[in-house]
Structures are given as C-alpha cells and as structure tokens.
Amino acid sequence: MRAARSGVAVVLAALVALSWAPTAATGRVDTFTSEGVSPDAASSAAVSPDAVSAGPESPDAGHAAEDLPVHDASAEPRLAARTRAATAAAAREAAQAVAGPEQVVGSWGPLVDWPVVGVHAALLPDGTVLAYDSVGDHATETYPDQTFSRATVWDPDTGKQTSVNVDTGYNVFCSGAAHLVDGTLFVAGGTKDQQLHGIVQTHLFDHRTQAWSLGPEMAAGRWYPTVTPLADGETLVTEGGPDIPEVRTTAGTLRALGGASLNLPLYPWIDVGPDGRAFYSGPDQTLRSLDTSGAGAWAGYGQRDPTDRSYGGHALYDVGKILVAGGGGSHADAVVIDINGAAPQVSATAPMAFGRRQHNLTVLADGSVLATGGNSSGAAFVDLAANVYAAERWDPTTGRWTTLAAETAPRQYHSTALLLPDGRVLSAGGGVCSECDAVGYLAKNAQVFTPPYLYAADGRLASRPTVTGAPSRAGYGGTLRISTPDAASILKVALVRLGAVTHSVNMEQRYVPLQFSPRSGGLRAIVPATAGVAPPGVYMLFLVDAAGVPSVARMVTLDDGSHG
C-alpha cells in the first residue's frame, strides 16, 4: 500500500469496522487495500494526526471496505423495500417542496426495478444503455468465483432488459470505461479476487453483437481507474492503483507513459482540452495537464480552489469549459474552469441550492447541466437521512441553478446518470456497500427525468424539431448537411459525446456547439477543425429550436479516417 494513503486507510478501517462482517474463515474483521488484505493493519500501524483529519476522502482501503456488501439473495428485496419505506416520507416532502408545472420543474417517470444495480452505465451507439455491477448479492470477498459480472442492456424505448453478463472469466466491477472511435466500449480493470486486487485485463463490449471480448493486458492490475478518449484516437488509462498511465493505441496495443508517473486520486477527472492535452480537474485541488505523446509528461497549474471535491461532479459543458460542483463535505459551491488558453482560468459560479456528495452532473441537450442525487450531510458513502431528491439545472448563460422536480428514490454511492438520445436523463443505481447494508440502502432500480425543455408553455409535451436526415460520419473541418423541416426555427446545433459513468465520474461526456447556417431543405453545420475540441468517436447530434426544445438525436461518428 502506498505510504500516502496508509494512515487514512487504517483510520477508515476503524470507523467502518462495526458495519463489516467477519471473514468466513477466521471470524476476524480485515482491513482492505487495493493491493490486498492486511488483517493486522488496524492494530499495528501508527495513525498520525494528519491522517485522522484527512478523513475517508480517497483511501484505497475505504473504497474497498465499502464495496463489500454482506447480504444474501433473500435479503436483497428486503433491503430494497426497507429503502423505500425509510425514504418514502422524505421523498414525498421533497416532491411537495418543488411542486410546479412540468414546463417549470420537469417530471420524473415511474420507479422501475432493474436486474442489476446501475453501478456502471454507458450509452451505446444504438441508443440503448449498458449497465453492470458485480458477481452477485453477497459480499464480494465471500465469492471464490470472480469470473463474471452481471450486466444488462436496457432499451429506453421499450423498457426491455437483455442479459449480457460478462463471460470472459473476469469481474469488471470497479472498472473504468469509455468508447473507442467505432463506438465499441473499452473497459479497463476490475476486481480480480476476494482480496480486491485489480485486474490487468481490458475488455471490449460490442453493441452490435452484444458480446464481450478481451483486449490487451495492462502492465499492472487496476481497480477504480479512469478511461479517457484522446484527440488522436487513442485511449488513456490512469490510476486505479498504478501511478504510470497507459495508452491503448489505435492498433489495439498498450503502451506505458513511463515519463508521467504520478500518484492521483482514484477515478481522476480527466478530459481532453482543445489543444489535445488530457486535462486533470479533480477531485483534489491541483490542476494539471498530461501530454500523452512519447513517454508522457505532466504540467501543473496550481490550485483549482481550496476544496477537496471527493465524490463531487464535473462536466465539460462547452468547448474547453468545465463545471465542477459539490463533493467533499457535501459542498454546494461550484466553479468553472476554462482550459482554452495556455493555462487554465478558474472563476466562481453560483452555488447549488443543496450541498451534494455522491451526486452526478449530466450535460443536457441544450448545453445546460443537471445535478441529481447525492447526500447533503458530508457522509462518505451514504446517509439516508440526508438524501437530495430534487434535481437542479445549471444555466451556463446566467451561471445560476434552478431547482427542479424531486426524484422518488435516493441516489447516493454507486448511482449513475446518463443523457439519453431523446433528451431525457436516466438516473439509476445506488447501494451495494457495507455501510449501505448497515443502514438498509439498496436501489436496484431506475427512473427517467423529463427536463422542462421537453414541455410546452401549456404543460403538454412540446412539439419537437426533427432531423430527417444527417450523415452517419463526418471529418474534421468538414460539414454536416442536416435535413430538417424546422430549419428556420433552429437556435442551436450541437454534438454531445456518448456518456460512460460510474462513481460520480462521467468519463467522456462533453457538449460541442456547432456553427451552422440554413441551406435548402435544412442546415449546414461546421464540424470542429481539431480533434481536441471533439475527440474522434460517436456523438449525439441535437437541434434545439428557439423555444429551447431539443430534437431526438441522430448518431454521428467523427473520424477523418486517420485514427484506426
């Protein structure tokens, strides 16, 4: 275990010990790290005052402890029912507090049970959603068999669930994921064994065949890594234990960035900037960029702000502009980071109405950002007495938040949210941790939010602009010839990257506004000239009319043919 994290890990082990189950073999409580098990760590290691004050913000052991649920199959529906019963009154109260017409606050659809907990979720190029969790309902360490993961593909149009369990011989729980140029989902790392070692394996999920396959093996096992699509069509893998980043090349091999070894928090927030560098915005305070060419090299830019935003949210809502909000001790404040220049510029924006931690930030079809879920008490993983049910929308034009309709289910640790091609937002998952079990928290369900922009002034669903034709592929600096009968009323044309989210981190969402002009029968939109603005891959093409109503998206792949 790395020295920088060891003291905090011991403290967290002591704090959560009461909610852990003894190991089957010995009856003792073990402390866990991403590198393995240390049964005697709590009694033998010295704890410094600094470690105590740091709290359970980023220790490997803390995450491992919370990913070890202890319950059997019969307990699962009981926990879900207990969650609903324990939170029903608070959810009703939250709904009443933000009651209003749908065109003002939006609306949530029915709560629907799912076959998996939405710990990981990714939008696929065909408009369906892949979600996966782990090997079963017992504590992960009680399963000798770590050779699969439960997974499903959900169709938002029909509600159909299709089982697509990972069948490669590995568990991809606590992996990182992002799409390759052709829309294949690339998954790095996961859980190797009962001691929660990371795996060296990478995986590919092909939405066309709904099949899993193995990719190249990494140099070291990773657990809680981030995966980031790069401007050159390659894919960056950072953290999850090892400090040396690796890059999946367009040829499908892996290369290590030996010159860029750096100890970052687990699931770092990394997005490609307009100049092609991979930009690090959190969750800790130091801003950095990574040049992924050659052996790789980091550059530092000082502090973003004084707040450690563990389990906060970030969203790239415009070209080179990132919104960061919440996290840490359930902060409400937010900042905007502009990475368009040589050095990032940070400015304050309005705070959210609610402090949040364990929430999700989701870029919407119009370039605004939706905050969902989280807790308001600063609890590291879950606090059922402090659920944040109401959604909030941040307007980049005004820099202000608007409180929207309240969700029915609590969404805290292990919850996810994704923008769908029809402009709605999926909110799913939550639970599956030792503290979750101790308080009776399990959200093996999902709910879909219809934002206010999909309603007309009279409260009915709005008439939407339509895309009757658009190319399926486009090159950089080229044009998109979009057929639409609504050309005269269109206010915005934008591309939104497919999302892949887990643990409050969406690893690739971004909003890319396009310049456009009318043409006969539709619009002519200009594709960005550089891939740093929009890395090659699959995007949703949205039209937004003068009333702010978005179309249903068309899928467009950006690729000039040089990215493999």
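# Briefing: strands, aromatic pairs and backbone exceptions

Tyr132, Phe205 and Trp212 form one aromatic cluster. The model is predicted, and the protein in it has 7 helices and 41 strands. Of its 564 residues, 60% count as buried.

**Overall figures**

- The protein exposes about 19000 Å², and 53% of that area is supplied by carbon and sulfur atoms.
- Among contacts between residues at least 6 apart in sequence, 60% join residues at least 24 apart.

**The sheet β21 to β24**

- An open sheet is formed by 4 strands in the order β21-β22-β23-β24, with antiparallel pairing.
- The edges are taken by β21 (313-318) and β24 (345-349); each has a single partner strand, so one side of each has no neighbour in the sheet.
- From one strand to the next, the twist averages 25°.
- Strand β23 (residues 334-338) runs antiparallel to β24 and is joined to it by 5 bridges.
- Ala334 has Thr349 in β24 as its bridge partner.

**Strand β27 and its partners**

- Strand β27 (residues 390-395) has 5 of its 6 residues buried, so the rest of the structure largely encloses it.
- Strand β26 (residues 369-375) is joined to β27 by 3 bridges, and the two run antiparallel. Here Ala371 has Glu392 in β27 as its bridge partner.
- Strand β28 (residues 400-406) also pairs with β27 in the antiparallel sense, over 5 bridges. Here Arg393 has Thr402 in β28 as its bridge partner.
- β27 and β28 make a hairpin with 4 residues between them, and Gly399 in the turn has a positive phi of about 75°.
- In a regular strand, side chains alternate between the two faces of the sheet.

**Aromatic residues**

- The whole structure holds 11 aromatic pairs.
- One of these is the edge-to-face pair of Phe381 and Tyr413, with 4.9 Å centre to centre and 70° between the planes.
- That pair links distant parts of the chain, 32 residues apart: Phe381 is in the loop between β26 and β27, and Tyr413 is in the loop between β28 and β29 (415-419). Both Phe381 and Tyr413 are buried.
- Trp394 and Trp401 form a tilted pair, with 6.5 Å centre to centre and 50° between the planes.
- Trp394 counts as buried at 1% relative accessibility. Trp401 has a relative accessible area of 12%, and residues under 20% count as buried, so Trp401 is buried as well.
- The charged end of Arg248 sits over the ring of Phe186, at 5.8 Å from the ring centre.

**Backbone exceptions**

- The peptide bond that joins Gly282 and Pro283 is cis, with omega of about 15°. Pro283 lies in the loop between β18 (278-282) and β19 (286-291).
- Gln210 is not a glycine, yet it has a positive phi of about 55°. Gln210 is placed in the loop between β11 (202-206) and β12 (211-214), and it is partly exposed, with a relative accessible area of 32%.
- Gln358 is not a glycine either, and its phi is positive at about 70°. Gln358 is placed in strand β25 (residues 357-363), and it is buried, with a relative accessible area of 1%.

How values were computed:
Residues are numbered from 1 along each chain as its sequence is written. This is a predicted model: local features need pLDDT of at least 70, side-chain atom pairs count only at pLDDT 80 or more; totals for chains, interfaces and linings use all residues. Side-chain values use heavy atoms; hydrogens and water are left out. Two strands pair if DSSP finds at least two bridges between them. Axes are lines fitted to C-alpha atoms, for helices over the stretch in contact, and angles run from 0 to 180 degrees between N-to-C directions. Buried means under 20% relative accessible area, exposed over 50%, partly exposed in between (1.4 Å probe, protein chains only). Contact means heavy atoms within 4.5 Å. Accessible areas come from the Shrake-Rupley method with a 1.4 Å probe; for residues, only the protein chains shown count as cover. Rings of Phe, Tyr and Trp (its six-membered ring) pair if their centres lie within 6.5 Å; planes under 30 degrees apart count as stacked, over 60 as edge-to-face and the rest as tilted. A charge sits over a ring if NZ of Lys or CZ of Arg is within 6 Å of the ring centre and within 35 degrees of the ring normal.
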